[in-house]
Amino acid sequence: EVVVEEGAAIPGDYGLLGLLSVIRMSDPDKNTLSLGSDLTSLGLNLNSSDSLYNNFASPWSDKPTTLEPQYQLPMCYYMQPPALKTGHLSKFQLETLFHIFYALPCDVLQAYSAQELYARHWRYHVELKLWFRRSDDSSSFIYFDTGSWERRMFQGTISNITGGLLHEDQVKVKFGS
């Protein structure tokens, strides 16, 4: 432990006495580390109004930077993904259908995912904005919790649920004439 008297300088590299060796420039390594390098020695014109990043790549490169990096995209990046057919929805997991329903509002896929959920006996509650299904014993309801992204038992009263469920006809995708 170093004890310093009041009014005395802190000894070592980290006090004012340590800074004195940097100011005197007696150690070139410390000088470069603490004061940095002269950027004009790297060929930069600091008086120019142009941006430095247009022509300065790095202190270790003699070549100027290019604005756009040189790369080639594989051909698979230019291919269009195949269109999702509504017949594929029947093969999707339940969580995937819920994701499509909640992630694509006002999209035709939202309507088709709702239609598939109804085919799997799930019903949408308009006021609660949740999907419900009767449990196996038909005495209670299971709902899909969007917060935890899992199915849970509904703890409320059943009469509150059945009144707000959409009828299957309201979910069917209809095409205008």
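Biologist: Which residues make the nonpolar surface patch of about 650 Å²?

Modeller: That patch is made by Tyr71, Leu73, Met75, Tyr77 and Tyr78, where patches are built from residues with over 30% relative accessible area and no salt bridge, like charges being joined within 9 Å and nonpolar side chains (Val, Leu, Ile, Met, Phe, Trp, Tyr) within 5 Å. Accessible areas come from the Shrake-Rupley method with a 1.4 Å probe, and for residues only the protein chains shown count as cover. Please keep in mind that this is a predicted model, in which local features need pLDDT of at least 70 and side-chain atom pairs count only at pLDDT 80 or more, while totals for chains, interfaces and linings use all residues. Residues are numbered from 1 along each chain as its sequence is written, and side-chain values use heavy atoms, with hydrogens and water left out.

Biologist: Where does leucine 73 lie?

Modeller: Leucine 73 lies in the loop between α2 (28-35) and α3, helices being DSSP runs of H or I with at least four residues, numbered from the N terminus. Leucine 73 counts as partly exposed because its relative accessible area is 39%, given that buried means under 20%, exposed over 50% and partly exposed in between (1.4 Å probe, protein chains only).

Biologist: Is glutamate 116 buried or exposed?

Modeller: Glutamate 116, which is found in helix α4 (residues 108-119), counts as buried because its relative accessible area is 16%. Arginine 120 forms a salt bridge with glutamate 116, with the closest N and O atoms 3.0 Å apart, a salt bridge being a side-chain nitrogen of Lys or Arg within 4 Å of a carboxyl oxygen of Asp or Glu.

Biologist: How many salt bridges are there by this rule?

Modeller: The count comes to five. Asp145, Glu150 and Arg152 are linked in a network, in which the side chains of arginine 152 and aspartate 145 meet at 3.4 Å, N to O.

Methods. Helix = DSSP H or I, 4+ residues; strand = E, 2+ residues; numbered from the N terminus.
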